[in-house]
Amino acid sequence: MTTTHAYAATDAQSKLAPFEFQRRELREHDVHIEVLFCGVCHSDLHQARNEWKNTMYPVVPGHEIVGRVTKVGPQVSKYKAGDLVGVGCLVDSCRTCASCQEGLEQYCENGFVGTYNGNERETGAVTYGGYSTQLVVDEAFVLRVPENLDPAGVAPLLCAGITTYSPLRTWGAGPGKKVGIVGLGGLGHMGVKLAHAMGAHVVLFTTSPSKIDDAKRLGADEVVISKNQAEMDAHANSFDLVVNTVAAQHDLNPFINLLKRDGTLTLVGAPEHDHPSPQVFNLIMKRRRLAGSLIGGIAETQEMLDFCGKHGITSDIEMIPMQKINEAYERMLKSDVKYRFVIDLDSLRK
Ligand code: NAP
Ligand code: ZN
Ligand code: ZN
């Protein structure tokens, strides 16, 4: 067992604070990782504050993890000490159900094990995430990080990257397709970069006029202020796919109106309170689809990392020491982050 330094929330109201715990001894297929960087996902905030009503305290958030392998268990074949690796939202699943067999571990029919706030399959122990100095993970859930990319900028790919990559791939973003991304936050800015690299015509929908120039720099062909009715009307009935990353409850009808016949609005934003049901006729009349999508499986996450390596894609980040996490949460709530906070875990080793 190794003493791990971390930050945890102990209840829904308190700020995150220093916390120590023991990582498990290496099992046969385990990889021991020294955590270098961990991205700050809006889901971390939802979980720390029990907004999804399932948080087990104390909770150590963090599922956008990049680190170096320091030790491996006797049966590990994919990784060795010194390798640069990533861990995302999943650390285990049943591996036998239909979804797991298809490489869709995030939809495991017996429940995947989350990187934090999950229960280990063997022991039931609660999992602790990447706001910590070290991690022990089964090699099957460890990703290889392309060596040509900045490791701190890679961290957010492990959730924000895959969560936008997966629906873009599932619904065929590419040349000749018009793709909308709603919200320019951590997920949204990755969605813009990835859809642009896939060759789609990308339109970013934002509530923040101050983000227009950034959106274009990140790869948006057009930017629309979603509260401006005339701008929205100009794009009605024209999209193949709209990926909605917004972290708060809102009216979906304006975004369904953007879809052409057979177009899809995919929700990835997971707000505390459900959106009101959209108008049924708005869907029926053009055979439009309303869908959802959850992160991505291990194989697709590796595919996404390799795609980012090939295209030189990383997240635009603001690095923070662990001690600044509570301020980062407050700024994230004000949409005041360009475009992902990443924790430098060296700040916990000092
Ligand atoms: P984020 O960085 O805070 O970005 C969310 C963006 O949504 C903001 O930058 C803002 O963009 C927009 N927004 C926020 N509040 C809004 C409001 N009241 N009305 C309209 N727009 C608003 O969050 P994130 O880390 O990207 O996460 C986004 C959501 O996805 C969270 O709910 C998170 O839990 C969820 N998530 C889901 C999955 C999945 O697998 N489905 C995975 C990861 C995260 P503008 O300023 O451009 O309007
Ligand atoms: Zn996340
Ligand atoms: Zn399964």
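**A cavity and its surroundings**

Mentor: Happy to. The largest cavity is lined by Gly88, Cys89, Leu90, Leu143, Leu158, Ile162, Ile295, Gly296, Ile298 and Thr301. Please keep in mind throughout that this is a predicted model. Rolling a probe the size of a water molecule over the atoms shows where empty space is left. Here, a search through the whole structure turns up one cavity of 30 Å³ or more, and the space in the largest cavity comes to about 60 Å³. Sorted by class, its lining holds seven nonpolar and three polar residues, with no charged residues.

Cys159 counts as buried because its relative accessibility is 5%, under the 20% limit. Together with Cys41 (SG) and His63 (NE2), Cys159 (SG) coordinates the zinc ion (ligand 2), at 2.0 to 2.2 Å. Along the chain, these donors follow the spacing C-x21-H-x95-C. Cys41 sits in the loop between strand E3 (30–39) and helix H1 (42–48), while Cys159 sits in the loop between helix H3 (151–154) and helix H4 (160–170), so the pair ties together parts that are 118 residues apart in sequence. Both Cys41 and Cys159 are buried. If you are setting this site up for a calculation, remember that water is not among the atoms, so sites may look incomplete.

There is another zinc ion to visit, ligand 3. Its protein donors are Cys94 (SG), Cys97 (SG), Cys100 (SG) and Cys108 (SG), which lie 2.3 to 2.4 Å from the metal. The spacing of these donor residues in sequence is C-x2-C-x2-C-x7-C. Around this zinc ion, the four donor atoms subtend angles of 104 to 120°, and this makes the arrangement tetrahedral. Cys97 is buried because its relative accessibility is 10%, while Cys100 is buried with a relative accessible area of 9%. Cys108 also counts as buried, at 9% relative accessibility. As for cysteines paired with each other, the structure holds zero disulfides.

Arg95 is partly exposed, with a relative accessible area of 35%.

Strand E6 leads us on to an open space, the second largest pocket. This pocket contains about 430 Å³ of space. It is lined by 24 residues, of which Arg24, Arg27, Glu120, Thr127 and Val136 are the closest to its centre. Strand E2 (17–23), strand E6 (90–92) and strand E8 (134–138) each supply at least two residues of this lining. The largest share, four residues, comes from E8. By class, the lining of this pocket divides into nine nonpolar, five polar and ten charged residues, whereas the lining of the largest cavity has no charged residues.

Most residues other than glycine have a negative phi, and most peptide bonds are trans. Asn237 has a positive phi of about 60° although it is not a glycine. Asn237 belongs to the loop between helix H7 (229–233) and strand E13 (239–244), and is partly exposed with a relative accessible area of 39%. The peptide bond from Tyr57 to Pro58 is cis, with omega near -5°; Pro58 lies in the loop between H1 and strand E4 (65–72). Another cis peptide bond joins Lys338 and Tyr339, with omega about -15°. You will find Tyr339 in the loop between helix H11 (325–333) and strand E17 (340–344).

One last stop is Leu290, in strand E15 (residues 289–292). Leu290 counts as partly exposed because its relative accessibility is 36%. From Leu290 to Leu187 the distance is 19 Å, C-alpha to C-alpha, and the two are 103 residues apart in sequence.

Notes:
Residues numbered from 1 in each chain as written. Chains lettered and ligands numbered in written order. Predicted model: local features only at pLDDT ≥ 70, side-chain atom pairs only at ≥ 80, totals over all residues. Heavy atoms only, no water. Donors = N, O, S within 2.8 Å, 3.2 Å for Na, K, Ca; no water. Tetrahedral: all angles 85-135°; square planar, octahedral: opposite > 155°, others 65-115°. Buried < 20%, exposed > 50% of the residue type's maximum accessible area, 1.4 Å probe, protein only. Disulfide = S-S within 2.5 Å. 1 Å grid on protein atoms, 1.4 Å probe; cavity = no way out; pocket = protein on both sides within 12 Å on 5 of 7 lines; lining within 4 Å. Points joined across faces, edges and corners; volume = space filled by probe spheres on them. Nonpolar A, V, L, I, M, F, W, Y, C, P; charged D, E, K, R; others polar.
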